[in-house]
Amino acid sequence: MRFAIFEDLVKNTSSVKIHLQSCHHHAMHKETETTRWHKCDNFDDAEILAKRISTNNKKGYRLAKCCTVKNLNWINGGY
């Protein structure tokens, strides 16, 4: 599992975000009633899931800013 998708359950509060599973936001998160994390093994599945989750969210989905460079390296076959 290399990717973690962040979902805010309060509608239209924030965009759905794709993080690396090792990201501090994912690794240090505490369970809440208004957020949910989903795990995916590869970026393609993470993007499909993020798109599906974000269909009910006016803010859409995106790569998490904290992981953008690292995500792009993974996508391009990097480390």
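What pLDDT does the chain average, and what percentage of the residues score at least 70? This is a predicted model, and its chain averages a pLDDT of 85, with 85% of the residues scoring at least 70. Among the elements of the chain, the highest mean pLDDT, 94, belongs to helix 2 (residues 43-54), whereas helix 3 (residues 68-75) has the lowest, 63.

A search of the whole structure for salt bridges finds 1. In this salt bridge the side chain of Glu7 meets that of Arg36, with a distance of 3.8 Å from N to O. Because Glu7 lies in strand 1 (residues 3-8) and Arg36 in strand 3 (residues 35-40), the pair ties together parts of the chain that are 29 residues apart in sequence.

Another residue to look at is Asn12, which is placed in the loop between strand 1 and strand 2 (16-20). Most residues other than glycine have a negative phi. The phi of Asn12, however, is near 60°, a positive value in a residue other than glycine. Asn12 is partly exposed, with a relative accessible area of 26%.

The table sets out the exposure of these residues.

| Residue | Relative accessible area | Class |
|---|---|---|
| Asn12 | 26% | partly exposed |

Key
Residues numbered from 1 in each chain as written. Predicted model: local features only at pLDDT ≥ 70, side-chain atom pairs only at ≥ 80, totals over all residues. Heavy atoms only, no water. Salt bridge = Lys/Arg side-chain N within 4 Å of Asp/Glu carboxyl O. Helix = DSSP H or I, 4+ residues; strand = E, 2+ residues; numbered from the N terminus. Buried < 20%, exposed > 50% of the residue type's maximum accessible area, 1.4 Å probe, protein only. pLDDT = per-residue confidence, 0-100.
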